[in-house]
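Good morning, and thank you for joining.

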Amino acid sequence: MHDIVFIRANPDQFDAAMRRRGAGSVADRIVALDARKREATTKIQQAQSQRNEASKAIGQAMSRGDTARAEALKAEVAEIKASMPEWEEAERVADEELEAILAGLPNVAAEDVPEGADENDNVEVARCGEKREFDFEPQEHPDLGPALGMDFKTGTKLSGARFTFLRGDIARLHRALAQFMLDQQTEENGYTECNPPVLVNDEAMYGTDKLPKFAEDSFSTSVGIDWESFDEIVNEIMPVGSRSELQRDLIREKVRLGVIENKKNRRWLVPTSEVSLTASVADEILDDLSEPVRLTAHTLCFRSEAGAAGRDTRGFIRQHQFEKVELVSICRPEDSEAEHERMTKCAEGILEALGLPYRRMLLCVGDMGFGARKTYDLEVWLPGQNAWREISSCSNTGDFQARRMDTRYRPDGEKRTAFVHTLNGSGLAVGRTLVAVLENYQNEDGSVDIPEVLHRYMGGVTRLERLG
RNA sequence: GGAGAGGUGGCAGAGUGGUCGAAUGCGCCGCACUCGAAAUGCGGUAUAGGGGCAACCCUAUCGUGGGUUCGAAUCCCACCCUCUCCGCCA
């Protein structure tokens, strides 16, 4: 969410920033709506002020027993109030449109974010670790995995495409990775371990900029069936006189199957625990931010992958359900750049401990997410695919989410409040890390060595062997 | 799911139609007393929006959204949340 006061004062600068992010020029429209809204607000407030004064006088007249005076004043108030609905409507209309426009605009990119259209324009800023020399042709994980218990067939049988069933030691290795990541982030890097809900309400999703624009990317849930709204829906589709019992039953069945959505008890499956962790401070005024609030959680994440039809359909890279250890920081504006660097290092530390080669990419404006000011992606080397693949994304959102969530702090010694900055990063995506371990630590016979740091989580198992 | 109770400032808690942004207590800040501290006394202590160079003024906010009324923390409706008991459940 953007600062309307800033847009009002710097419309050209704002337009330039939005054009940079591929949004059109909107400042004129915003400023006009804002002016119209404030005009209406002022009119309403003036009327309210007069009404309040007159009402007070009526109270005084009544207590004196001067009913004639009271009646005269009542007539006066009626006149004052007559003009209000019109202005209230004008305010509502302007405000709704203004909100709709503002909620759909991406964050302003930081100045040091490179220009560019897509991932090809991202800039490599660092590379770490040595690519392993293979004396055989390394396999891709979808070829390697099934013999080790990565069962794509059963996943598909249960849930459809993009679901996988892990069985045996590979399932344990997956858990070990998550445990290790969580331990490192809490023990070494000072993050507080959290275990948040993964089913959240609209407010949490809106505050972390997943709504309203990206509703299609997440799964939503509902509880039971709201039969009262059902009747409304049925009447809308088909007025009472015109429908047969059969048609009514069909509609009823559609509601039951969720074809017609029941919004009443809706909750969202989080696409990332960034949503739960960040929104945990929504509506708060934080007292002390001299040290950033650092939160981490290992949770399931759910994504519809609506925009990725056909991409990465093979393998474990892009699943509807996956696990991730998330890092979130809440800090003062002056600390967020340093915190962004620190957070990225915390994510990199996992790759280094696992001995996985990676590179750090600074995303160009065209490839950045909606809410980000600046983003680093970490890409891990996959020798089987002979490619770098994203395994972490660390973003500074500045005050963009804080404004949506209304999260503030009190700067030292000041009476006023100011918006915090929020940052989020993966430390790391667990499933993709499993893929990286498989491809980087594979042996010619199809077994996979388990990195040393994971041994203490594996109960004596040091290698994944082919099953049966 | 059934029955009941309730949601008021940082916290506790009063307030059932008018001068209530809201008593009182606690906490916090300042001042006085004191060598210093405690105790005591006095004063202050919400957020947001709009207007003004400023002092300051206006408006809104008592879970949320509607409604009744000249006027709503107070009355009515819907929703959300919390607690207690019963039922069910990992």
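Let me begin with a term: a polar contact is a pair of N or O atoms within 3.5 Å; within protein, one must be able to donate a hydrogen and the other to accept it, and residues adjacent in sequence count only if both atoms are side-chain atoms. The model is a predicted one, in which local features need pLDDT of at least 70 and side-chain atom pairs count only at pLDDT 80 or more, while totals for chains, interfaces and linings use all residues. Residues are numbered from 1 along each chain as its sequence is written, chains are lettered from A and ligands numbered from 1 in the order in which they are written, and side-chain values use heavy atoms, with hydrogens and water left out.

I turn to the phosphates. A polar side-chain atom of R410 lies 3.0 Å from a phosphate oxygen of RNA strand B.

How many residues surround RNA strand B? There are 20, and the closest are R38, S55, K81, R408 and T417; a residue is near the strand if one of its heavy atoms lies within 4 Å of it.

Helix 3 (27-64) and helix 4 (67-82) each supply at least two residues, where helices are DSSP runs (H or I, at least four residues) numbered from the N terminus. By class, the surface has nine charged, eight polar and three nonpolar residues; Asp, Glu, Lys and Arg count as charged, Ala, Val, Leu, Ile, Met, Phe, Trp, Tyr, Cys and Pro as nonpolar, and the others, Gly among them, as polar.

Now the rings. The structure holds four aromatic pairs, meaning Phe, Tyr or Trp rings (for Trp, the six-membered ring) with centres within 6.5 Å; planes under 30 degrees apart count as stacked, over 60 as edge-to-face and the rest as tilted. F134 and F136 are edge-to-face, at 5.4 Å centre to centre and 85 degrees between the planes. W381 and W388 are also edge-to-face, at 5.2 Å and 65 degrees. Finally, ring pairs link F214, F370 and F400 into a cluster.
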